[in-house]
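Please go through the structure shown here.

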Amino acid sequence: MQHGPAVRRRKLGAELRALRAGAGLTSGQAARLVGWHQSKVSRIETGASGVKPADVRLLLDAYAVRDAQLRELLLVLAGSENGGGRDHWWHAYRGVLPPAYRDFISLESQASAMRTLETSVVPGLLQTPEYARAVTRAAVEGLDDERLDALVEVRLARQDVLRAEQPLRLSAVLDEAVLRREIGGPEVMSRQLERLAEAARLPQVRLQVLPFGSGAHIGLTGPFVIFSFSNTSDLDVVVLDHLTSSLYLERKEDLEAYTEAFDALRRHALSPEDSFDFIARCAGISGGASPR
């Protein structure tokens, strides 16, 4: 894949290999069904080479895969702009978004659940427009107004995954610094905290705060995201952001380590109910029903 990280190419190949085996076919038999040489099937399954979405469709048809959601996910991993009819809106911003960000958005749009540790800023899916603008301006130097507007539009459009018919399940652990760091000025920050309190009431959102008083914790190593997919845990991936790139971790031991770390952080953090009260106090909100 020209733009996808290697982790997605390998995961796609592994899933196609499992589907072929489930169909009772050898790689040679699969190749003959679609009119290819066996080596092409082998290269795709090992992640040695990329694969076009049209070729993925041929293989899925040959393996009699009818699961529409699984087909769509695999086509997105192959770089399809229209995997299964879903509007992949971010492709309209190709000239603005770096490939790594487009990959992140495509994974986010297809994931069933997202677990994230945030140590500095509010998760993008929960940011207000004003907060998103302030964060983007600070993170990317030299932005003209047109590109800044486009990046903020993208940030807000991403939030639709929380309002979908089958919304993304978001579980976020927020260091207290996220709530205390004044970004955009007092008014912007006040509205952002109110937005967090509103989000905490949503059934698909679970927010927990790690107060300063909790001391040292495993999250001191930095923020991370774990994407999970309803079709298969084999496609789960950890994403670590750096200043100029993103690192995708796919190994089973990496996934287990970050899953254990996130579980430990949840145990270390305030409960969702106490976290709601903490956020409400920071926002100066009185009363109101706490989540769950």
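The sections below run from the whole chain to single residues.

## Overall make-up

The model is predicted. The protein chain has twelve helices and six strands. It counts 292 residues, and 52% of these are buried.

The accessible surface of the protein chain is about 13900 Å². Carbon and sulfur atoms hold 50% of that surface.

## Helix α10 and its cover

Helix α10 spans residues 186-200, 15 residues in total. From first C-alpha to last it reaches 21 Å, close to the 21 Å expected at 1.5 Å a residue.

The buried residues of α10 are V188, M189, Q192, L193, R195, L196, A197, A199 and A200. Several elements cover them. They include helices α7 (129-139), α9 (176-180) and α12 (272-283), along with strands β2 (169-175) and β3 (205-210).

## Aromatic pairs

A search of the whole structure finds five aromatic pairs. One of them joins W89 and W90, with ring centres 5.7 Å apart and planes at 85°. Planes over 60 degrees apart count as edge-to-face, so W89 and W90 form an edge-to-face pair.

F224 and Y258 make another edge-to-face pair, 5.0 Å centre to centre with 70° between the planes. F224 lies in strand β4 (residues 224-228) and Y258 in helix α11 (residues 252-268), so this pair ties together parts 34 residues apart in sequence. F224 is buried, at 5% relative accessible area. Y258 is partly exposed, at 22%.

## A charge over a ring

W36 has a charged neighbour. The charged end of K40 sits over the W36 ring, 4.1 Å from the ring centre.

## A buried lysine

K11 belongs to helix α1 (residues 6-22). Is K11 buried or exposed? Its relative accessibility is 8%, and under 20% counts as buried, so K11 is buried. K11 and G47 are 36 residues apart in sequence, yet their C-alpha atoms are 7.7 Å apart in space.

## Salt bridges

The whole structure holds eleven salt bridges. One of them pairs the side chains of D61 and R71, at 3.1 Å from N to O. This pair links distant parts of the chain: D61 is in helix α4 (residues 53-62) and R71 in helix α5 (residues 68-77), ten residues apart. D61 is partly exposed at 44% relative accessibility. R71 is buried at 18%.

R251 bridges to D254, and their closest N and O atoms are 3.0 Å apart. R251 is partly exposed at 47% relative accessibility, while D254 is buried at 16%.

Salt bridges with shared partners join R191, E194 and E198 into one network. Within it, the side chains of R191 and E198 meet at 3.1 Å, N to O. R191 is partly exposed, with 34% relative accessibility. E198 is also partly exposed, with 35%.

Definitions and conventions:
Residues are numbered from 1 along each chain as its sequence is written. This is a predicted model: local features need pLDDT of at least 70, side-chain atom pairs count only at pLDDT 80 or more; totals for chains, interfaces and linings use all residues. Side-chain values use heavy atoms; hydrogens and water are left out. Rings of Phe, Tyr and Trp (its six-membered ring) pair if their centres lie within 6.5 Å; planes under 30 degrees apart count as stacked, over 60 as edge-to-face and the rest as tilted. Helices (H or I, at least four residues) and strands (E, at least two) are DSSP runs, numbered from the N terminus. Buried means under 20% relative accessible area, exposed over 50%, partly exposed in between (1.4 Å probe, protein chains only). A charge sits over a ring if NZ of Lys or CZ of Arg is within 6 Å of the ring centre and within 35 degrees of the ring normal. Accessible areas come from the Shrake-Rupley method with a 1.4 Å probe; for residues, only the protein chains shown count as cover. The expected span of a helix is 1.5 Å times one less than its number of residues. Contact means heavy atoms within 4.5 Å. A salt bridge is a side-chain nitrogen of Lys or Arg within 4 Å of a carboxyl oxygen of Asp or Glu.
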